[in-house]
Amino acid sequence: MWTKSVLILVFIGSCFSYPSPTKRYDGHSVLQILPKTIGDVHELMSLAQKYHLDIWKSPRFLNETFDVRVNPEQIANFVHDVESLGLKAKQWIIDLQKLIDNTEPTRSRRATSFSTGAFNDHASINSYLDSLASNSRVTVHSMGHTYEGRTIKYIKISNNVGSSKKAIYVDGGIHAREWLAVSTVLYMIDQMAHNPTHDRTIETLLGTFDFYFAPVVNPDGYEYSRTQDRMWRKNRRPVIHGCNGVDLNRNFAYHWNPDNGGSHNPCEEVHSGTHASSEIETRNIQNFLCGHGNLLAYLNVHTYGQYWIYPWGYTPVLPADYRDLDHLGRTAATAIRHTHGKSFTVGEDTRVLYAAAGGADDYAKGACGVKYSYTVELRDTGLHGFVAPTSYIIPAGEETFAGFKAFATELIRYEHL
Ligand SMILES: [Zn+2]
């Protein structure tokens, strides 16, 4: 038997009538398993492949959990296999559908009007970005289109629009179901574009850097997760009959390798694509990253796990300048902790435990020479996992933006800009 969960689902008054995604997860559980050794991690990865499980969180370091979603038919056999390894599986989320249902009423705020306190739909987000063009510091651009024809928009924020300073680029939503990543990038955009608190740090940063933000780089997947399948992760291109989508963050053309943390199988959540940069969304992001030679830093924002991690993802070998990346990451994590007390782990992507080739952060650094390239995994550590409630939106925005400002401020000092 596995340990019964301590999770108590918080019921939020369900007074909204709201169309839920069609696909249901009744009786699906999310299990947390604490591996004791690197060998355990590999065994768990093999088990996840055997059962075709949806891995929610791979441990990046020892003493961190492996979180995985299992359906009701699989759970007994899977738990038996886990226990045969001498490990315990704690049933953390008991009924995923209940968690979705009890969290989703807040989604009714998606409405047609944009709000930084809500999970907005893609059309509202693009309208909001367009509306920022009236701000003299903001220009609105397209990175290109998606498989389904949506426009991937980004904005540039600069106090001298014609200038080309060193630049920092932040994007979100490369994984469809990670809505908190999208809302957090939008929060940062709002602060940077409007500076509602007259924060002098923002003016200082704009004196040194240009900023680029793309809140939704996988809009087809994002919309699909809003309307059809809350747990959708990939893009939406049909790959083979019955299985759509490529994991864009395994598809980048720098040491691309499905056997290294990805998958050849189009039905898997981490399908790497048939070849490097096979996906139009990947190519759009790659073109953006390598097309802006002044990029000094890149934050690829995800949920969840509370990490600020740097390359390489494809190999445990550290980049030669890892001390610089580590120092700046720790500066950000300290500022995050001082905001709402959340601890973010800073480190290199694959060190010790986990490899994933074909990630955007590796590509930015390895192929385009963006020195300070990071994957940022936001809240939480598993309580809600990908099903973040709207009550997370503002505090996650605040702490991430505090980390971002501290990071950029320290970058000025550290790089003598
Ligand atoms: Zn992700």
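**Before starting**

The model is predicted: local features need pLDDT of at least 70, side-chain atom pairs count only at pLDDT 80 or more, and totals for chains, interfaces and linings use all residues. Residues are numbered from 1 along each chain as its sequence is written, and side-chain values use heavy atoms, with hydrogens and water left out.

**Stop 1: the two domains**

Select residues 29-104 and then 111-414; these are domain 1 and domain 2 of the protein chain, with bounds that come from an automatic or database domain assignment. Their centres, taken over C-alpha atoms, are 26 Å apart. To the contact (heavy atoms within 4.5 Å), domain 1 contributes 25 residues and domain 2 contributes 30 residues. Between them the domains bury about 2300 Å², of which 59% is on carbon and sulfur atoms. Buried area here is the accessible area (1.4 Å probe) that two parts lose on being put together, summed over both. Next, select Trp-56, Arg-60 and Phe-61: they supply 33% of the area that domain 1 buries against domain 2, more than any other three residues.

**Stop 2: the zinc ion**

Which protein atoms are the donors of the zinc ion? Select His-175, Glu-178 and His-302: the donors are ND1 of His-175, two OE atoms of Glu-178 and ND1 of His-302, at 2.1 to 2.4 Å from the ion. Donors are N, O and S atoms within 2.8 Å of the metal (3.2 Å for Na, K and Ca); water is not among the atoms, so sites may look incomplete. The angles among the four donor atoms run from 57 to 146°, and the site is irregular. Four donors count as tetrahedral if all angles lie between 85 and 135 degrees; four count as square planar and six as octahedral if opposite donors are over 155 degrees apart and all others between 65 and 115; anything else is irregular.

Along the sequence, the donor residues follow the spacing H-x2-E-x123-H. His-175 is in the loop between strand S7 (166-172) and H5, while His-302 is in strand S11 (residues 295-303), so the pair ties together parts that are 127 residues apart in sequence. Helices (H or I, at least four residues) and strands (E, at least two) are DSSP runs, numbered from the N terminus. His-175 is buried at 3% relative accessibility, and His-302 is buried at 1%. Buried means under 20% relative accessible area, exposed over 50%, and partly exposed in between (1.4 Å probe, protein chains only).

**Stop 3: the largest nonpolar core**

Select Phe-211, Phe-213, Tyr-374 and Phe-404, which touch the most other members of the 56-residue largest nonpolar core. Such a core is a set of buried Ala, Val, Leu, Ile, Met, Phe, Trp, Tyr and Cys residues joined through side-chain atoms within 4.5 Å. Helix H5 (residues 179-194) supplies the largest share, eleven residues. Another core, of 22 residues, lies apart from it and includes Val-217 and Trp-312.

**Stop 4**

Ile-155 belongs to strand S6 (residues 151-157) and is buried, at 0%. Beyond four places in sequence, Ile-155 touches residues including Leu-129, Ile-189 and Phe-211.

Trp-308, in strand S12 (residues 307-310), is likewise buried at 0%. Among the contacts of Trp-308 beyond four places in sequence are Leu-299, Tyr-374 and Phe-407.

Finally, select Asn-195, in the loop between H5 and helix H6 (200-208). Asn-195 counts as buried at 6%; beyond four places in sequence, Asn-195 is in contact with Asp-190, Ile-202 and Glu-203.
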